Amino acid sequence: MRTIHTDTIERTLYQLCGRACLHLTDACTRAMQKAALAEAEGSAARFALDTLLSNAQTAAAENMAVCQDTGYAVVLAEIGQDVHIEGKPLAEAVDSAVAKAYADFRFRKSVCDPITRANTANNTPAALHMEIVPGDKVRLTFLPKGFGSENMSRLYMLTPAKGVAGIIDAIVETVRLAGSKPCPPVICGVGIGGTFDTCAFLAKKALTREPGTHHPREDVAAIEREALERINALGIGAQGFGGNVTALGVQCEILPTHIAGLPVAVNIQCHCMRCEKAEI
């Protein structure tokens, strides 16, 4: 049994918050560069992608937020079953790290009461998802999720008869209906199976994978490839200017589901993919 104090978790998450909001992930940057090369020289889509990449370089160099929407703080904590966590409650430590980071780095605080719309003033509470995994480590993932793209996400409770074709149709329809609103080129995190709630979590978790990676199951990877091809054939393009690249990637996660159902969740992420990970 290994003991980890919440002070260590809090310090680590504070650092992840600070880094994430200032930088695109390396994989996202590479995908954006590849997308720019896929667009015609002088086209509006090429101009948009080059401008977005230039913005990201400036943000990193100047230690400024790469997007003004520094998002809802989403934290995934994979906790080894041989870990004993001591100190304050984990959720309290997570919220403390988020509040301090958003204040110190002067990130926009966007979290509010859903009815009164009163701002919580410190970007908490964070959305904390915990999973118990083998081992004696704690793996933390921080994903600041902007709501221009979050608002375009959808959950489908399909009938089993819809099958693979229905899954792909749901992914493509979500992007088509979103149009330019989520600041494309987008990344699609897709959850397949489970229940109403676990399916949505799978979609969020899928976004923490690098764009361009594929699920180890070949039938799931085939869904990712076909959905991406069909999305890019929509012609929405970067920032809605038209072009060849509407999505940088489609990433699916899957769980068994009930014999009577086929849940599919599509969590849209804008081009501004910010995600940092650490292991304690």
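Residues T29, M32, Q33, A35, A36 and L37 of helix α2 meet R46, L49, D50, L52 and L53 of helix α3, where contact means heavy atoms within 4.5 Å. By class, this contact of α2 with α3 has seven nonpolar, two polar and two charged residues; Ala, Val, Leu, Ile, Met, Phe, Trp, Tyr, Cys and Pro count as nonpolar, Asp, Glu, Lys and Arg as charged, and the others, Gly among them, as polar. The model is predicted, so local features need pLDDT of at least 70 and side-chain atom pairs count only at pLDDT 80 or more, while totals for chains, interfaces and linings use all residues. Residues are numbered from 1 along each chain as its sequence is written, and side-chain values use heavy atoms, with hydrogens and water left out.

**The pair α2 and α3**

- The axes of α2 (residues 26-37) and α3 (residues 44-62) come within 9 Å and cross at roughly 155 degrees, the axes being lines fitted to C-alpha atoms, for helices over the stretch in contact, with angles from 0 to 180 degrees between N-to-C directions.
- That angle makes α2 roughly antiparallel to α3, a term for angles over 145 degrees, whereas those under 35 count as roughly parallel, 65 to 115 as roughly perpendicular and the rest as oblique.
- Helices (H or I, at least four residues) and strands (E, at least two) are DSSP runs, numbered from the N terminus.

**Helix α3 and its end**

- The 19 residues of α3 should span 27 Å at 1.5 Å a residue, and the end C-alpha atoms of α3 are 27 Å apart, which agrees; the expected span is 1.5 Å times one less than the number of residues.
- Within α3, the residues A45, R46, A48, L49, L52, L53, A56 and A59 are buried, which means under 20% relative accessible area, with exposed being over 50% and partly exposed in between (1.4 Å probe, protein chains only).
- The buried residues of α3 pack against α2, and just after α3 the residue N63 takes a positive phi of about 55 degrees.

**Two buried residues**

- G237 is found in the loop between α8 (218-232) and β8 (247-257), and is buried with a relative accessible area of 0%.
- Not counting residues up to four places away in sequence, G237 touches P184, G242, G243, V245 and T246; G237 and L37 are 200 residues apart in sequence and 13 Å apart in space, C-alpha to C-alpha.
- V220 is found in helix α8 and is buried, with a relative accessible area of 2%; leaving aside neighbours within four places in sequence, V220 is in contact with H215, C252 and I254.

**Backbone features in loops**

- Most residues other than glycine have a negative phi, and most peptide bonds are trans.
- A cis peptide bond joins T124 and P125, with omega of about 5 degrees, and P125 lies in the loop between α4 (90-104) and β4 (127-133).
- The peptide bond from P184 to P185 is also cis, with omega near 15 degrees, and P185 has its place in the loop between α6 (163-178) and β7 (186-194).
- R106, in the loop between α4 and β4, has a positive phi near 60 degrees and counts as exposed at 74% relative accessibility.
- N123, placed in the loop between α4 and β4, has a positive phi of about 65 degrees although it is not a glycine, and N123 is buried with a relative accessible area of 0%.
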